[in-house]
Amino acid sequence: MMKCSVIKVPAGAPHDTSGLKSSIEAGVIDPAHVVAVLGKTEGNGCVNDFTRGYAVMALKQFFAPYSADGQPAVSYIMSGGTEGILSPHFTVMSRSGSTEAGEAGLGLKSLAIGVSRTRDFLPEELGRLSQVDAVAEAVSRAVRDAGIASAEDVHFVQIKCPLLTAEQMHEAHSRKAELVTEDTYKSMGYSRGASALGVAVALGEVGREGLRDEEICVNWELYSAVASTSAGSELSCCEIIVFGNSSAAEGPYHIDHDVMKDSIDGAALQRMIDACRR
């Protein structure tokens, strides 16, 4: 059976791993079981937010001594911007055991986490169906990695995706490749949109047949109810973390979701709480 944990630790700066070190020394986190780190940095969240890459570099260096041969690489997803009441932090996802179901007991399902990544993308693939298809395939792998049996049991998919930089645009132009946009900032939206549609295709929320490049970030009837996507210049592939419930997992945690109409839609939270009580 699989056991998953989600631990949040504070970070005083993008490179501050002291909270992680303290949690490991206290036995709260076992570095050998860490599969993903989702972080919030003080950066501006835009194309030139280099705090994300700085944080990833620091985390990779921190976990390097703990990595063993054959152990899957940790997925790092950093998001810039801690406006309002947010504080910089790292959320550490750990997983132990296997996805082979043990005795089903009462048939209850517990939190399960799966990770995967796509191949690196060419600049001209971003914001287009080639990105949608690669993400869909990777999401399906992450669902299997989590031991989740049904798309209905997937409740949150977090993706970090690439964007177009000036250097990448110049390289693409040298090959006479046509890009989805000539604006680096707009490329963040196109990449996020294609990634979200990849989730929707993988989970059956949107049909792949008939889907066209021109509909990405244009047709608002095509969307995923469980995808959260963020773009950055610190990677060339998509890092994917899938959260859901599985009978192959055990533990006290369970995940659910609802869709908010806006940032103050408290009714969505109440619907989710009511559903969990039933």
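In what order do the 4 strands β1, β2, β3 and β4 form an open sheet? The order is β1-β4-β2-β3, and the pairing in this sheet is mixed. The model is predicted. Another open sheet, also of 4 strands, has the order β5-β8-β6-β7 with mixed pairing.

- Strand β4 (residues 89–97) runs antiparallel to β1, and 9 bridges join the two.
- The bridge partner of C4 is R95, which belongs to β4.

**Helices on this sheet**

- Helix α1 (residues 18–25) lies across β1 and β4 and runs at about 135 degrees to β1.
- Helix α2 (residues 51–63) also packs on the sheet, where α2 touches β2 (34–41), β3 and β4.
- The direction of α2 makes about 150 degrees with that of β3.

- Strand β6 (residues 154–162) and β7 run parallel and are joined by 6 bridges.
- Opposite K160 stands S230, a residue of β7.
- Helix α5 (residues 184–202) packs on this sheet and touches β6 and β7.
- The angle between the direction of α5 and that of β7 is about 145 degrees.

**Residue I255**

- I255 is located in the loop that lies between β8 (239–246) and α6 (266–277).
- Is I255 buried or exposed? The relative accessibility of I255 is 16%, so I255 counts as buried, the cut-off being under 20% relative accessible area.
- Which residues are in contact with I255, leaving aside its neighbours within four places in sequence? They are L111, H155, F156, F243, G244 and N245.
- Between I255 and E42 there are 213 residues of separation in sequence, and the C-alpha to C-alpha distance is 28 Å.

Conventions: Residues are numbered from 1 along each chain as its sequence is written. This is a predicted model: local features need pLDDT of at least 70, side-chain atom pairs count only at pLDDT 80 or more; totals for chains, interfaces and linings use all residues. Side-chain values use heavy atoms; hydrogens and water are left out. Two strands pair if DSSP finds at least two bridges between them. Contact means heavy atoms within 4.5 Å. Axes are lines fitted to C-alpha atoms, for helices over the stretch in contact, and angles run from 0 to 180 degrees between N-to-C directions. Buried means under 20% relative accessible area, exposed over 50%, partly exposed in between (1.4 Å probe, protein chains only).
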